[in-house]
Amino acid sequence: MKLWTEQETGEKIVDITLSLNEQAMHLFETEVTTASYSDVKATLKTFDEIGSAIEEVEKAVRTLEGHPGEYLRGMMNGFNYFARSMQGDNIPYDELILNIQQLPSTLISDEQLAYAKELVEESLTNIGYSGSFADKVSAWKSDTMIAPEEVVNVAENFRELSKKGTLNRVIELPPEDGVDWIKPIRGVFWSGYSKYTGDYRGNLTFNIDRPWTEPILAQIMTHEAYPGHQAFYCRWDYEFKNGNLPLEASYYMINSPTNALFEGGPETALSFLGWDNLEEETEGISDEKKMQYRTARHFLDYQRMYMTNACYLYNLHAMTKEEVIRYMINEGGITEIEANNCFRFFSHPVQKTYYPSYYYGRWMIGNAYAQTPKNLRNEYFKILYDTPHTTETFVKAISQLHNKEFDAFNTFLKK
């Protein structure tokens, strides 16, 4: 078993994550430690015990050098703030996001929104739509809409194709890996959910209350399965079992400084496969499909900006619930169902400090991938899939890989 610290310290770190999960389940019926690969069990029964354990680990890693020290100090700080937020401490939202996720809480500017809209409109024009922006979006959605009862069937069609692309282009997975079932669900605020069940297996669930189009489902399916969450979960499990992932990072916990990577990798998963790039050779995906999927990527980016602004405006107490829902619908063109689901997500006492990871993660991981030359892609994937990282350590690693300062959150990508 690989260790960065003394085994007692490593086990205490895992205990903290599992014990925080038990508190989140007890208080909010929300799972926050979504995978754990060791045999360590939760033993800390109160927030006082968790706090004491965090202090002990902080002392143990205070002088730990290099990447392990930076990673673990960041994680302990994040755990401390997350524990305080669950206890109801009156901590400003931007302070929580800065410490739990190592991310800023800056409103997305009108210039960023205008450029994102320009990319959507240009993509829609390129695939043959005309008229106003709203007319183009409406026609595109109508032409690619999937009936609720067909969502699972379309998702099934993506499963093996995306896994094959993952194995060929991204990472290796053990032969035991697989998704056992894909099912529909109603009444939840999320779009898709990947549940890792252990031993390299997982399940997927998709919310059929929300409208689905085929290009958007391609984005979400690759996010939840391959090379997204299922691939990440399985790869980490495999790496731990083979002595390559340290005990101190042998789990995944949301509401931690790893959030932007955990969501940013899956948000960029379709690009890893080359499914949105006309210059990449991709078996089974035509150029026409790629243009559709690239349009969906731009469209989701555009809407996510409004959703993230709504999250900040609400949690920083600049707008009421009614105001941010109207903002998402009227300004962002987001459907009423999706706007209300989004509000349920970012107003939730646990999920609210997780939500910004989608926006920032998409740009951090997407920019890093787009700027990495093909001859360095293997190194890039080792950084992303095989090395435990916080937001800050990932930015540092990419800066070193590119031999220049990495501008992680730049949304003005070249067309």
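Strands here are DSSP runs of E with at least two residues, helices are runs of H or I with at least four, and both are numbered from the N terminus. Two strands count as paired if DSSP finds at least two bridges between them.

Before we go on, a word about the source. This is a predicted model, where local features need pLDDT of at least 70, side-chain atom pairs count only at pLDDT 80 or more, and totals for chains, interfaces and linings use all residues. Residues are numbered from 1 along each chain as its sequence is written, and side-chain values use heavy atoms, with hydrogens and water left out.

Now the two pairings. As a reminder, strands of a sheet pair through backbone hydrogen bonds, either parallel or antiparallel. S3 and S5, residues 201-207, run parallel and are joined by seven bridges. If you want a spot to look at, find Ile 182, which stands opposite Leu 204 in S5. S4 and S5, on the other hand, pair in the antiparallel sense, over six bridges. There, Lys 195 stands opposite Asn 203 in S5.

S4 and S5 also form a hairpin with two residues between them. Asp 199 lies in the loop that links S4 and S5, and its phi is near 55°, a positive value in a residue other than glycine. Is Asp 199 buried or exposed? It is exposed, with a relative accessible area of 59%. By the rule used here, buried means under 20% relative accessible area, exposed means over 50%, and partly exposed is in between (1.4 Å probe, protein chains only).

You will find Glu 29 in the loop between helix H1 (7-28) and strand S1 (33-36), and it is exposed, at 71% relative accessible area.

Pro 148 is in the loop between strand S2 (145-146) and H7, and it is partly exposed, at 36%. Which residues does Pro 148 contact, leaving aside neighbours within four places in sequence? They are Arg 186 and Ile 208, where contact means heavy atoms within 4.5 Å. Pro 227 lies in the loop between helix H8 (214-224) and H9, and the peptide bond from Tyr 226 to Pro 227 is cis, with omega near 0°.

On to the cysteines. A disulfide is a covalent bond between the sulfur atoms of two cysteines. The rule here asks for a pair of cysteine sulfur atoms within 2.5 Å, and by this rule the count is zero. Cys 311 is in no disulfide, and the nearest cysteine sulfur, that of Cys 342, is 7.5 Å away. Cys 311 counts as buried because its relative accessibility is 0%; Cys 342 counts as buried too, at 4%.

Finally, let's zoom out to the chain. How many helices and strands does it have? The total comes to 17 helices and seven strands. The C-alpha trace spans about 65 × 50 × 45 Å along its principal axes. The radius of gyration, taken over C-alpha atoms, is compared with a globule rule of 2.2 Å times the number of residues to the power 0.38. For 415 residues a compact globule would come near 22 Å, and the chain has 21 Å, which agrees. Buried residues make up 59% of the 415.
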